[in-house]
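Hi,

Here is the structure we talked about. Please open it first, then read the notes below alongside it.

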Amino acid sequence: MRPLPLALSLALACSAQAAETPVDPQIAALAERIRALEANAQTLQIQAADALAAAQAAQAELEQMKSDQQGAAVAEVSAQPSTGASANAFNPAIALILNGLYENHSQDPVNYQRAGFPQVGEGGPGTPGLHLGESEIAFSANIDDKFYGQLTLALESDGGEVHTGIEEAYIETTALPEGFTARAGRFYSNIGYLNSHHTHTDFFSDRPLAYQAFLGNQYGDDGVQLRWVAPTEIYLELGSEVFRGDNYPAGGAAHSGIGAKTFFAHAGGDIGVENSWLAGASVLHADAIGGEDGFSGRNNIYLFDLTWKWAPNGAFKDSGVVVRGEAFVDDRKGFVLDPEEPDALAQAWNGKRRGAYVEGLYRFSRTWDAGYRYDKLWAAADGPYASDFDPRRSTAMLTWHNSEFSLLRLQLAHDQPQPHFIDNVLTLQYQVSLGAHGAHKF
Amino acid sequence: MRKMLLWMIVVAAVISAPVQAKLRVFACEPEWGSLLTELAGDAIDVDVATSALQDVHVVEARPSLIAKMRKADLLVCSGAQLEIGWLPQLLRQAGNAKVGSGAGSFMAASQVTTLDKPASVDRSAGDVHPDGNPHVQLDPYRVLAIAKALSARLAELDAANAATYQQRLGDFETRWQAAIKGWEAKAAPLKGKAVVVHHSAWIYLLQWLGMHEIGSLEPKPGVPPTSAHLSSLIDVTKSGGAIAIISAAYQDSKPGEWLAQRTGVPALVLPFTVGGDAQAKDLFGLYDSTLDKLLGVLK
């Protein structure tokens, strides 16, 4: 470091002299010398910095050695397996969800019918008795410096046959500027709260009635998504999706395979240290051609969601409360052809149906959660699916977590899909996750 | 759709127009927030994601954290998979390419060698970290090595303030080295002493002080203490001559107190990180408080 001031003062002295001397060659010679000195000083400076850095590194290393006399040995031993596994080091993270249930229904699911809401997608009563739930395998990894990819396969056995389904298979950008993220492939829409969450993160073993009736349990399809997070103090996310439109509530891949569109906005933040909230408003605009419930026409679904979490000191691990509600408005304009009787006349259907649920979860220790959910659907007053009765359901559950990777759940439901039909359901469920440690959304 | 896109771009342009002059840093844990304050002072804005009363293994990916992550120029975390349950989710939701990887992502545990690196990993052994024990903030030498690397990273990202960072690092190093001398002199009586810990998070501190761990309240890392396991610790705690049963401020103090009642060995709550008690206002206070409390049980 020292050569620099020395060189500088020399150079200054020289230039002062040079200014007084009127003869050209001398000035040129002096200027040359100054340049040489400056260059020299710079080299010395770089060398000095390098030496300093080297000394610092050596010192740090010494300190390191001092602080982990034993650690060095441990590190050496454990370094071996990781180098041995280098060929597999780029394998995607693999996570498995296994889940099994026992259900006892007071009514035979064959007779189950929801007044005003035909059964669609996977939105019906569960299977009685012991059965395997949906098993899920998810692979995910960064593809390169600009893309992330994920594949989620669902394995389900239905009457002895095993079905493998691609639940999600998408790529997502990681390097767009200004808070933008784009996604393409097959994925669950970001509308509402629960829709983008995989069912294994739910508080209950089944989805709310509104999800079953209006989205066939969960709305996903092939499409593209663009979302943007605002650079604000409060969390604000806006986004839009375009889907193929094959799955309920869309159907028949209308408009040459661009049959459904969504817009969604989510906002959230903290109130003090102990309270957090997340709210959203979304719309799903689906065009159906011969949809699963026999509907053809335009279907706009509006969703509003609100989640509030409280935990002492903001530490939800040991205790806390979650309250969540979502409201749906399903607005249709079109006609219905009964899929069972194709020869029957089409019936016009213009009208609205509504649905909502409220659920609460109380975590009273690190290992125990208790929860309650109330569901209701409001049927249409007229049209092909008119009903005077509004289906409703109450559900209570108790969950024991041994670790964040395993849980056992006891659930009791009092389900009234029709005026004089009550299905009391007892569900016992285990659900575990293996492999890569999942990171869950709020 | 097109209209929506256009609007989103317009809104983005309007909101992000005023360019933030200061480097904005997202610190996962309070100890790194405190280190950043030492190294940069007012030259940067720091958002600290968690508090000493929260278990950083299991933090919720709250919307407010996504908003903070969205605006960050640099991410400073412990790493070694400590934040694996929430940090990847924040990164994916925030859409901030600056902090995803590369210069904008600084993992403290990657700057030093970690201890407890398992030769093989299996969840039957509890919540183990394949990259070694991530709780590196309680070894002052490692903290110094991390400080140097972090200061260099700050200078790399914010060249305009490089001189400030260099000067502040020099100042911090002088004070830190002096403090280490003081701590080591003060902590001499602790050498060779044994403790029972709540979670295996104290290895760096114990190694630095020449102390050792003879038992852990958690039967496996991350698995909550069970009464059977606690009962089995009674003999170990007594015969091993433990001076204290230590837990962090964020942990449930009941299991430690239960064992303390049956063994006569005092249960001691240590701050673990900055903000863990009144004295642990910064990194210096964290070490002062930790040593004072440990020495307190010797008297």
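**Chain B: overall build**

Chain B has 10 helices and eight strands. One thing to keep in mind throughout: this is a predicted model.

Start with the overall dimensions. The C-alpha trace of chain B spans about 70 × 45 × 35 Å along its principal axes. Does its radius of gyration agree or disagree with that of a compact globule? A compact globule of 299 residues would have a radius of gyration near 19 Å, and chain B has 21 Å, so the two agree. Of the 299 residues in chain B, 52% are buried. Now take the contacts in chain B between residues at least 6 apart in sequence. Of these, 62% join residues at least 24 apart.

**Two domains in chain B**

Chain B is divided into domain 1 (15-180) and domain 2 (188-296). Their centres, taken over C-alpha atoms, are separated by 25 Å. How many residues are in contact between the two domains of chain B? Domain 1 of chain B puts 28 residues in contact with 23 residues of domain 2 of chain B. On the domain 1 side, the elements that give two or more residues are α2 (30-40) and α5 (140-157) of chain B. The largest share of that side comes from α2(B), with five residues. By type, the domain 1 side divides into 12 nonpolar, eight polar and eight charged residues.

**The cores**

Next, look at the nonpolar cores. The largest one has 101 residues. The residues with the most contacts inside this core are B:Val25, B:Ala27, B:Leu36, B:Leu39 and B:Val76. Helix α5(B) gives the most to this core, with eight residues.

Click on B:Val76 and look around. Which residues does B:Val76 touch, not counting those up to four places away in sequence? They are B:Val25, B:Ala27, B:Cys28, B:Trp32, B:Leu36, B:Phe106 and B:Leu150.

**A helix and a strand in chain B**

Helix α6 of chain B covers residues 162-186, which is 25 residues. At 1.5 Å a residue it should span 36 Å; its end C-alpha atoms are 35 Å apart, so the length agrees. Which residues of α6(B) are buried? B:Tyr165, B:Arg168, B:Leu169, B:Phe172 and B:Trp176 are. The buried residues of α6(B) pack against α2 and α5 of chain B.

Now go to B:Leu270, in strand β8 (residues 267-270) of chain B. Why does B:Leu270 count as buried? The cut-off is 20 or more other C-beta atoms within 10 Å. B:Leu270 has 27, so it is buried. Leaving aside neighbours within four places in sequence, B:Leu270 is in contact with B:Ile246, B:Ala248, B:Thr290 and B:Lys293. For a sense of distance, take B:Leu270 and B:His129. They are 141 residues apart along the chain, and their C-alpha atoms are separated by 23 Å.

**Chain A**

Chain A has five helices and 17 strands. Buried residues make up 33% of its 442 residues. Among contacts in chain A with a separation of 6 or more, residues 24 or more positions apart account for 59%.

A:Phe203 is buried, because 20 other C-beta atoms lie within 10 Å. Setting aside neighbours within four places in sequence, A:Phe203 is in contact with A:Glu359, A:Leu361, A:Gly371 and A:Met397. From A:Phe203 to A:Gly272 is 69 residues in sequence and 25 Å in space, C-alpha to C-alpha.

**Where the chains meet**

Last, the interface. Here 57 residues of chain A are in contact with 52 residues of chain B. On the chain A side, the elements that give two or more residues are α2 (24-67), α3 (69-84), β6 (180-188), β7 (220-229), β8 (235-243), β9 (260-271) and β10 (275-288) of chain A. The residues of that side divide into 26 nonpolar, 19 polar and 12 charged.

Best wishes

Methods:
Residues numbered from 1 in each chain as written. Chains lettered and ligands numbered in written order. Predicted model: local features only at pLDDT ≥ 70, side-chain atom pairs only at ≥ 80, totals over all residues. Contact = placed C-beta atoms within 7 Å. Helix = DSSP H or I, 4+ residues; strand = E, 2+ residues; numbered from the N terminus. Nonpolar A, V, L, I, M, F, W, Y, C, P; charged D, E, K, R; others polar. Domains from an automatic or database assignment. Rg over C-alpha atoms; globule rule 2.2 N^0.38 Å. Buried ≥ 20, exposed ≤ 12 C-beta atoms within 10 Å, placed from the backbone. Core = buried A, V, L, I, M, F, W, Y, C linked by C-beta atoms within 7 Å. Expected span 1.5 Å × (residues − 1).
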